[in-house]
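My notes follow in the order I looked things up.

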Amino acid sequence: MNVKRILKGRLPVGVSISLQISIFLVIIAFVPVATTMALKTYERQLLEQAERSNVQQARLVSASLSNQKIERENALNLLRAMNGRFDARIRILDSELNLLADSATLDSEKDEETDFMNAAVNRRENVVEEVVARTVSANDTFVYRLLSKPARIYRKYFRPPVQYYKDYYANRSVFDGTEIKSALEGKYGAATRISGGQTSVNLYSAVPIMCDGKVSGVVLVSRSTYRILQNLYELRLDLGKVFLWSLLAVFVIAVFLWFRISLPLKKLSRQASGCADRKGRVINTEFAGKKRQDEIGELSRSFASLVERLKNRIHFTESFASDVSHEFKNPLAAIRSCTDVLSDSDLDDSERKEFVRAINEEVDHLQNLLTGVRNITKIDGDSHAEKQNVNLHSLAFNMVEQSKLVFKNVSFEFVSHVASDCQVDLPSSYVERILDNLLSNAASFGTKVSLSLGMQDNVISIVVEDNGKGILESEKENIFNRFYSNRPESEKTAHTGLGLATVKAIVESMDGKISVGASEILGGAQFSVSLHADFKD
């Protein structure tokens, strides 16, 4: 798995959320491991700092003894005057590499203790050297290196460090190390004697003592790395504890997230998959987690709302098909009856003409029904009607003028509270359909019709009133239903009952509102429409 893809959030297809969470938590848990890897750099920096400390102490001693004759007494007095204000072992040698003073043997007790430790370490080193000599050939084999790798890692990083008392110059009469040779040449010399594993090593630093431009002696400073290794060991132990606690925390968090996120999402997925049967009929609108105040609760509520809207949509489609079928039955039945009668040869011409006229009326009624059904279906399915820049005042005025030409016996009044140059973004065809249907409906019931146009806070208000018989309270709930009409039976063939239903469908598709009430001015019905729109300057 590509780590970069994980960090960028692009995981392979099919990886579950619970697994993704576990991966990220494990990555977080391994932060202490990455910190442990940085300890190598920290160890190198500590060793460099220890070497710099050696050099500083050696240079201080060298500066104190420079340009004077180096004698044993002077060297001892200098180390005694330092009164233990040093953290390393300091040796002072003359130009013949004879030991003049040693900070580790300023008193006899320390000298005896050092001799005892050196003797014990020498015996141990002799035994180790014999064992190493016998196992050199085995260590070179691939199998040994492979199988001993875990043991070497354990010894190097997790086994407590061992203080290494063996001094390179212990029980040696000649100081012949490489660092001493560099100092005799007037240069700084350094050497590190490594014993391996978690065993401490000794750092040696040699600085020349100058007198009249010549090397008159050498200051040799040495220290053990045991304290550094001990500090690193304790730090590794602490990081190991942090890592173990991190793993425990990761496990607890993973379990919590499993029950809190993954399990509810799986349950929500199963409910979403089973909310409809094979025929697409909605059988379940309840989803778990609707009461949760988080993203899962929001997702559950969104699913429930979506399924409920789909259910309503299916119900609308089924009822609409049922209504259309029902409305088509009456004209078709009338046409069939007329054709059956026309087949009778005993009818005279006047009767035949009457039946033909009836058939034509029913055909016209069917055509009107088909047109209305097509219009309302198109509006209901068109959720993103194209908007145009429309002059609302001119549009409404033109629709009133057209209505005057159609309904010559009706008096129309147009009242506009919108500026004549007001431009607005709206689907012009929809607005025309609203005005046309409302004006036609009002003109068919009364002799006076009023259209009022206004706007406030980006809301357009359209009010159409008439002086007709008005609408009863019992009819207000059904007035916008498809195929509903409160007209006399003699007028129903000319009206489909889809005009107001079409207006309502258009208004709802534009996220507007429509209401019906009584006109206080003309005494008939009043239809009020509110539409949201963007006005242009």
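This is a predicted model: local features need pLDDT of at least 70, side-chain atom pairs count only at pLDDT 80 or more; totals for chains, interfaces and linings use all residues.

**Entry 1: Asn54.** Leaving aside residues up to four places away in sequence, I found Asn54 touching Ala88, Leu203, Ser205, Val221, Ser222 and Arg223. Buried or exposed, I asked of Asn54? Its relative accessible area is 0%, and under 20% counts as buried, so Asn54 is buried. I placed Asn54 in helix H4.

**Entry 2: H4 and H9.** I then followed H4, residues 39-65, to its packing with helix H9, residues 226-273. The two pack at an angle of about 160°, and their axes are 11 Å apart. Angles over 145 degrees count as roughly antiparallel, so that term applies to H4 and H9. The crossing of H4 past H9 is right-handed. From H4, I listed Leu39, Tyr42, Glu43, Leu46, Leu47 and Ala50 in the contact. H9 contributes Ile228, Leu229, Leu232, Leu235, Arg236 and Leu239. Sorted by class, this contact holds ten nonpolar residues, two charged and no polar ones.

**Entry 3: the sheet.** Next I traced an open sheet of five strands with mixed pairing, and noted the order E7-E9-E10-E12-E11. Which strands stand at the edges? They are E7 (411-416) and E11 (513-518); each has a single partner strand, so one side of each lacks a neighbour in the sheet. On average, neighbouring strands are turned by 15° against each other, direction ignored. I looked at E7 and E9 (residues 448-456) in particular: they run parallel and are joined by six bridges. Ser411 has Lys448 of E9 as its bridge partner.

**Entry 4: helices on the sheet.** I found helix H12 (residues 392-406) lying across E7, E9 and E10 (459-466), at about 175° to E7. Helix H13 (residues 428-443) also packs on the sheet, where it touches E7, E9, E10 and E12 (525-532). The direction of H13 makes about 20° with that of E10.

**Entry 5: H12 and H13.** I checked how these two helices meet. Their packing angle is about 40° and their axes lie 10 Å apart, which makes H12 oblique to H13. H12 passes H13 in a right-handed crossing. On the H12 side I noted Leu392, Leu395, Ala396, Met399, Val400 and Ser403, facing Ser428, Val431, Glu432, Leu435, Asp436 and Leu439 of H13. The class count for this contact is eight nonpolar, two polar and two charged.

**Entry 6: H13 and H14.** I turned to the packing of H13 with helix H14 (residues 499-509), and read an angle of about 150° with axes 9 Å apart. The pair is therefore roughly antiparallel. Here the crossing is left-handed. H13 supplies Tyr430, Arg433, Ile434, Asn437, Leu438 and Asn441 to the contact. H14 supplies Gly499, Leu500, Thr502, Val503, Ile506, Val507 and Ser509. By class I noted seven nonpolar residues, five polar and one charged.

**Entry 7: the chain.** The chain has 537 residues, of which 36% are buried, and its elements are 14 helices and 13 strands. Among contacts with a separation of 6 or more, 64% are between residues 24 or more positions apart.

Notes. Residues are numbered from 1 along each chain as its sequence is written. Side-chain values use heavy atoms; hydrogens and water are left out. Two strands pair if DSSP finds at least two bridges between them. Helices (H or I, at least four residues) and strands (E, at least two) are DSSP runs, numbered from the N terminus. Axes are lines fitted to C-alpha atoms, for helices over the stretch in contact, and angles run from 0 to 180 degrees between N-to-C directions. Contact means heavy atoms within 4.5 Å. Angles under 35 degrees count as roughly parallel, over 145 as roughly antiparallel, 65 to 115 as roughly perpendicular and the rest as oblique. A crossing is left-handed if the near helix is turned anticlockwise from the far one by less than a right angle, and right-handed if clockwise. Ala, Val, Leu, Ile, Met, Phe, Trp, Tyr, Cys and Pro count as nonpolar, Asp, Glu, Lys and Arg as charged, and the others, Gly among them, as polar. Buried means under 20% relative accessible area, exposed over 50%, partly exposed in between (1.4 Å probe, protein chains only).
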